[in-house]
Amino acid sequence: MTKQWVAPRAGGSEVLESVDVDVRPPGRGEVTIAVRAAGMNPADTKHTRAAAPDAYPIPIGYEVAGVISAIGPETEIASGGGSVGDAVLAFRVQGGWTEELTVPAADVFAKPDALGFPEAANLLLAGTTAADVIRVTRASGQDTVLVHGASGAVGVSVLQLLRPLGARVIGTASERGADTIADFGGEWIAYGDGLEDRVRVLAPDGIDVAIDCVGTDEAVDVSLALVADRSRIVTIAAQQRAAAEGIPMVGGAQPESKAFRDSVRQRLIDLAAEGQLVVPVARTFPLADAREAAELLESGHPGGKLGLVP
């Protein structure tokens with residue numbers, strides 16, 4: 001038996017419960033991971049608020065890092081090889097807020113020594129989302145890119161992936177996020193009233209690409225005002241506005257996005273191993289305190305990534 005956090009009914013952090021579950025032994029093509037850290041993402045509790053009634057209870061958590069405690073017969077992990085005791089990370093999984101779980105080996109990768117377990121457990125959901133929005137907008141080194149919410153997890157990954165391309169990146173955030181944006185190669189600008197005018201002053205030659213990581217009306221409105229080609233505006237959060245305005249929205253459940261995100265996992269891990277993709281972890285919590293951690297996550301101001309440590 002192992003402890004696992006689930007949403008027994010519709011809701012966010014307030015409904016989460018810790019339950020005892022059995023851990024399946026791994027079959028062919030599967031790996032059991034003893035979790036050393038579970039990643040935390042806004043999607044973890046966002047997706048529990050409006051699922052189909054028969055979907056509950058929903059196990060929480062899409063990414064983990066730990067060590068292999070068992071491996072199925074004739075099985076290799078996605079990065080090759082794999083033995084009991086090896087340090088690994090896994091994405092995308094379901095039910096990662098737990099002590100141990102069995103997952104498809106195709107979603108398991110060797111953990112770089114350069115990454116601690118909390119960092120490794122928070123690498124891929126944000127990283128693959130960032131890579132996806134860059135793909136959709138076709139952002140390149142010739143572009144000036146506006147990133148809304150650039151100090152958040154996805155925004156920080158976008159900054160780091162655009163930096164080697166040579167793109168100029170302007171990132172919105174509160175004043176508290178200014179240093180973070182600068183540290184990762186962006187130019188900070190405060191969001192709020194007058195944002196469009198401030199961007200025009202900072203970038204008089206115009207904005208080529210806008211990436212919305214926050215989903216506010218301000219982010220969408222300013223993007224529409226500044227970017228001529230709507231196919232080069234993308235949002236990860238403003239679903240209704242995207243549909244109404246004819247701009248792309250990406251999400252991990254979309255078949256094209258899912259296939260792309262799965263295909264870039266190893267590349268992102270390699271970048272992290274080389275120190276070119278950093279995961280800023282603000283705080284870790286004991287697994288038993290997952291509800292408290294989820295409340296901080298839902299506040300929208302965690303100050304960096306959060307991790308759960310069994």
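This is a predicted model: local features need pLDDT of at least 70, side-chain atom pairs count only at pLDDT 80 or more; totals for chains, interfaces and linings use all residues.

Analyst: Residues are numbered from 1 along each chain as its sequence is written, and side-chain values use heavy atoms, with hydrogens and water left out.

User: What is the order of the five strands in the open sheet?

Analyst: Strands are DSSP runs of E with at least two residues, numbered from the N terminus, and two of them pair if DSSP finds at least two bridges between them. Four bridges join β9 (residues 144-148) to β12 in parallel, and three join β12 to β13 (residues 233-235), also in parallel. The order of the open sheet is β11-β10-β9-β12-β13.

User: Why is one side of β11 and of β13 left without a neighbour in the sheet?

Analyst: Both strands, β11 (187-190) and β13, stand at the edges of the sheet. One side of each is left without a neighbour because each has a single partner strand.

User: Which residue in β12 is the bridge partner of V147?

Analyst: Along β12, H148 stands opposite D212. For V147, the bridge partner in β12 is I211.

User: Are the residues on the two faces of strand β12 buried or exposed?

Analyst: Buried means under 20% relative accessible area and exposed over 50%, with partly exposed in between (1.4 Å probe, protein chains only). In β12 (residues 209-212), V209 and I211 lie on one side and A210 and D212 on the other. These four residues are all buried.
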